[in-house]
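Subject: Structure handover

Hello,

Please find the structure below, followed by notes on what was found in it.

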Amino acid sequence: MRWLIDNFSQVVDLAKTHLYLALLPLLIGLVIAVPAGIAIRNVPWLRKTTTTLASLAFTIPSLALFVTIPPLLGLNILDEMNVVIALSIYSTALLVRAVPEALDSVPESVIDSATAMGFTPLRRALTVELPLAVPVLISSIRVVAVTNISLVSVGSLIGIGGLGELFTKGYQRDYPDQILAGIIAIVFLALVIDGLLYLAGRLLTPWTRTARSRKANEPAAVLRATEGPA
């Protein structure tokens with residue numbers, strides 16, 4: 001803890017890099033997975049094929065991707081884009097399965113009502129189904145965000161890792177306090193981002209709070225009804 005306090009400014013700088021390397025791939029994954037998930041949702045063979053490919057992509061070891069991407073794309077081994085591209089692959093692989101599953105959670109009655117009102121499939125997906133799927137989708141987004149924050153640390157083995165540098169340098173110097181500082185910082189960062197995403201999900205779905213409040217008040221209303229007038 002002493003090392004963390006004495007070198008707080010250095011840890012903050014590394015945390016900024018760590019967040020960039022973790023959250024940019026999440027955004028890229030969402031940009032790719034949301035339209036892809038909408039497109040494959042109602043095409044069984046395409047959905048099955050995409051899910052299989054996504055599962056295979058996620059089984060590739062992260063370190064293998066970090067060292068394979070540079071020669072394939074002509075990048076420098078110390079280029080941060082290596083980590084961004086690798087984590088974008090993982091993020092997309094997870095989210096491309098999560099988006100159709102989230103859309104499946106939307107009640108059929110709602111979909112039928114939107115169709116009866118003349119909504120086109122695309123308009124219905126973007127303005128009705130996707131917003132209602134947010135509570136389920138946000139859970140997957142939280143998992144991807146925390147996973148990315150963890151995986152960024154592996155990039156320190158090739159010289160790019162944000163807070164992961166505290167692990168490699170602490171190991172090289174045989175300084176456990178520096179390693180412990182890295183662990184604390186990464187766990188704290190993951191908890192903060194997870195909490196912020198949870199709050200974002202709550203803000204984007206105010207109707208879920210209303211529904212829960214209504215259910216919570218139902219027992220009291222039933223009790224008052226059974227008691228009758230005073």
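Ser-88 has a relative accessibility of 9% and so counts as buried (buried means under 20% relative accessible area, exposed over 50%, and partly exposed in between, with a 1.4 Å probe and protein chains only). Before the rest, two notes on conventions. This is a predicted model, in which local features need pLDDT of at least 70 and side-chain atom pairs count only at pLDDT 80 or more, while totals for chains, interfaces and linings use all residues. Residues are numbered from 1 along each chain as its sequence is written, and side-chain values use heavy atoms, with hydrogens and water left out.

Overall fold

The protein has 10 helices and zero strands (both are DSSP runs numbered from the N terminus: helices are H or I with at least four residues, strands are E with at least two). Of its 230 residues, 38% are buried.

Helix H5

Ser-88 lies in helix H5, which covers residues 81-104. Of the 24 residues in H5, 18 are buried, so the helix is mostly covered. Its end C-alpha atoms are 34 Å apart, which agrees with the 34 Å that 24 residues should span at 1.5 Å a residue (the expected span is 1.5 Å times one less than the number of residues).

- Val-83, in H5, counts as buried at 0% relative accessibility.
- Ser-88 and Leu-30 are 58 residues apart along the chain, and their C-alpha atoms are separated by 9.3 Å.
- Thr-92, also in H5, is buried at 15% relative accessibility. Thr-92 is 58 residues from Val-34 in sequence and 9.3 Å from Val-34 in space, C-alpha to C-alpha.

Aromatic and charge contacts

The structure holds one aromatic pair (rings of Phe, Tyr and Trp, the last by its six-membered ring, pair if their centres lie within 6.5 Å; planes under 30 degrees apart count as stacked, over 60 as edge-to-face and the rest as tilted). The pair is Phe-58 with Tyr-90; the ring centres are 5.4 Å apart and the planes lie at 80°, so the arrangement is edge-to-face. Phe-58 belongs to helix H3 (residues 44-58) and Tyr-90 to H5, so the pair ties together parts that are 32 residues apart in sequence. Tyr-90 is buried, at 4% relative accessible area, whereas Phe-58 is partly exposed at 32%.

Elsewhere, the charged end of Arg-123 sits over the ring of Phe-119, 4.0 Å from the ring centre (the criterion is NZ of Lys or CZ of Arg within 6 Å of the centre and within 35 degrees of the ring normal).

Largest pocket

The largest pocket holds about 230 Å³ of space (a pocket is an open set of points on a 1 Å grid over the protein atoms alone, where a 1.4 Å probe fits, with protein on both sides within 12 Å along at least five of seven lines; lining residues have an atom within 4 Å of a point). The volume is the space filled by probe spheres set on the points, which are joined across faces, edges and corners. Among the lining residues are Phe-8, Val-12, Lys-16, Ile-184 and Phe-188. By class, the lining has 10 nonpolar, no polar and one charged residues (Ala, Val, Leu, Ile, Met, Phe, Trp, Tyr, Cys and Pro are nonpolar, Asp, Glu, Lys and Arg charged, and the others, Gly among them, polar).

Regards
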